[in-house]
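These are my notebook entries on a single protein model. I set down what I looked up, topic by topic.

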Amino acid sequence: MEEALVNSERFLSNVFESIQDGISVLDIDMNILMVNQTMERWYAHAVPFTGKKCFEVYHGAAQPCQVCPTIQTLKTAESAVEVVPMTGKDGIRIGWNELYSFPLTDMVTGELTGVIEFVRDISEKKHAEEALRESEERFRVASQSITDVVWEWDLATGGLKWFGDIDGLLGYAPGEFPRTIEAWEELIDPEDHNRAMTALDRHITEGYPYEEEYRVCRKDGGISYWQDRGTVIRDTEGKAVRMFGAVTDITKRKEAEEGLKRKTEELQRTNKELEHFAYVASHDLREPLRKISNFTELLADRYRGQLDEKADKYIWFVVDGAKRMDRLIEDLLAYSRAGRAELIWEATSAEQVVRLAVSDLEKFLEENSAEVTYSDLPIIQANPVQLGQLMRNLIQNAVKFRGEDSPHVHVSARNTGNEWVFSVIDNGIGIDPEHWERIFGIFQRLHTRSEQTGTGIGLAISKKIVEHHGGRIWVESEPGKGSTFHFTLPVAR
């Protein structure tokens, strides 16, 4: 029996020491009678334990605290469970324990003689819970600070959570809108319902991106536009278990888009009416001008020499005024059309365009003893008709504002990678820098009509053509040293 008792004690001692949880045995006065190796390792600073109070070692307290197992509790209960902080030598918390207390009773009298405590380190669990709580708090604060409403859908249970003011978004009182997937589905406008549900199902089952716009019905019966997007979460086996997403109220944006669409349609309609008006007006205006000009010229031819010199001068003023008005109407019509008509893009030889422009201006160039050269001109994607008009305007403008020497104009181009930069260089009178921007405006003239002819629209038309091609135009010049007009065109379209 003695040998069996020794073996039993040895076995129980091995079990006592091998348990990974901490174990301590206390007497009825809460003095520590025995601890296992786990407790010694956790509270190494308190070794030896014998004779010390449990609350001094385990809780860093001078007297029993509320987490200590009370004798009264264990007299009436089979056990007690508490979560208590694990403290170090200086009373600083170093972790968390889950404490299970069981009464020790006298086998004969049944009286309470002490307490046995099983202590489990749950520090990692508590840290994870704290991290999760902090994360949820940050998420809650972030959800309140953004206009989007975030949602979480548990695909297993069907539970739907909203983070953000979903009630305010729909015109409900706080907490009034039901937090169910069915309530969300009922929000969606019937015309958009199937499309939204199909997109959601394809994302969950086939992995297609989920981002949809649909209309929802607010509590007051009004319609809002939502942009909804989300991502499904899958388990290790690839099964969809959860989905996160966010909705943005884009009602104002949609209303602005609809307003812009109406304005655009109205503007297009107005432009067509204006184009028709410009055509009719120009035709109707030019016809009487031609009659005035023709009959005035007949009058001048028939009665030349029969009237006094002042009358001949007056007749010349009328003829000249009618011709200038005719040119002005023609240029205004050209300006109104430039940049408005739909362009037909095609591969265009810039060299051929310049050659044709020179041919069209042959008489003008001969009268001014002007020379036009060109080099390194590419084949580009452009509208050849408008490009030809642009070249004629720039060459004619360069010759018109000539200096004392015979006019010389050179056209070249260089590729910068994204665009072609064309340059039209002349040896004319030049332009003061303060006028570089102004000259591209309509009716902006730097010289009087007695000094230079023209309507002041040519460069404005050139700017419209270039911008309609997606480019830009500018000038570099110095008075008395000529000018260089640059414009860009895309390399490819």
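The model I worked from is predicted.

**Entry 1: helix H14**

I noted the general rule alongside: an α-helix has 3.6 residues a turn, so residues three or four places apart point the same way.

**Entry 2: H13 against H14**

Two packed helices are described by the angle between their axes and the distance between the axes. I looked up both for H13, residues 384-400, and H14: the axes come within 9 Å and cross at roughly 145°. The crossing of H13 past H14 is left-handed. On the H13 side I recorded Gln386, Gln389, Leu390, Asn393, Leu394 and Asn397 as the contact residues. H14 contributes Gly458, Leu459, Ile461, Ser462, Ile465, Val466 and His468. By class, I read six nonpolar and seven polar residues in this contact, with no charged ones.

**Entry 3: cavities**

How many cavities of 30 Å³ or more does the structure hold? I found two. The largest cavity contains about 70 Å³ of space. Its lining consists of Trp151, Trp153, Leu160, Trp162, Ile181, Trp184, Leu200, Tyr210 and Asp228. Strand E6 (149-154), strand E7 (160-163) and helix H7 (181-187) are the elements that each give two or more residues to this lining. I classed the lining as eight nonpolar residues, no polar residues and one charged residue.

**Entry 4: Thr484**

I located Thr484 in strand E17, residues 483-490. Is Thr484 buried or exposed? I count Thr484 as buried, because its relative accessibility is 16% and the cut-off for buried is under 20%. Leaving out residues up to four places away in sequence, I found that Thr484 touches Ser423, Val424, Ile425, Trp474, Val475 and Glu476.

**Entry 5: the whole chain**

The protein chain has 14 helices and 17 strands. It has 493 residues, of which 37% count as buried. Of the contacts with a separation of 6 or more, 55% join residues 24 or more positions apart.

How values were computed. Residues are numbered from 1 along each chain as its sequence is written. This is a predicted model: local features need pLDDT of at least 70, side-chain atom pairs count only at pLDDT 80 or more; totals for chains, interfaces and linings use all residues. Side-chain values use heavy atoms; hydrogens and water are left out. Axes are lines fitted to C-alpha atoms, for helices over the stretch in contact, and angles run from 0 to 180 degrees between N-to-C directions. Helices (H or I, at least four residues) and strands (E, at least two) are DSSP runs, numbered from the N terminus. A crossing is left-handed if the near helix is turned anticlockwise from the far one by less than a right angle, and right-handed if clockwise. Contact means heavy atoms within 4.5 Å. Ala, Val, Leu, Ile, Met, Phe, Trp, Tyr, Cys and Pro count as nonpolar, Asp, Glu, Lys and Arg as charged, and the others, Gly among them, as polar. On a 1 Å grid over the protein atoms alone, a cavity is a set of points where a 1.4 Å probe fits but cannot get out, and a pocket is an open set with protein on both sides within 12 Å along at least five of seven lines; lining residues have an atom within 4 Å of a point. Grid points are joined across faces, edges and corners, and a volume is the space filled by probe spheres set on the points. Buried means under 20% relative accessible area, exposed over 50%, partly exposed in between (1.4 Å probe, protein chains only).
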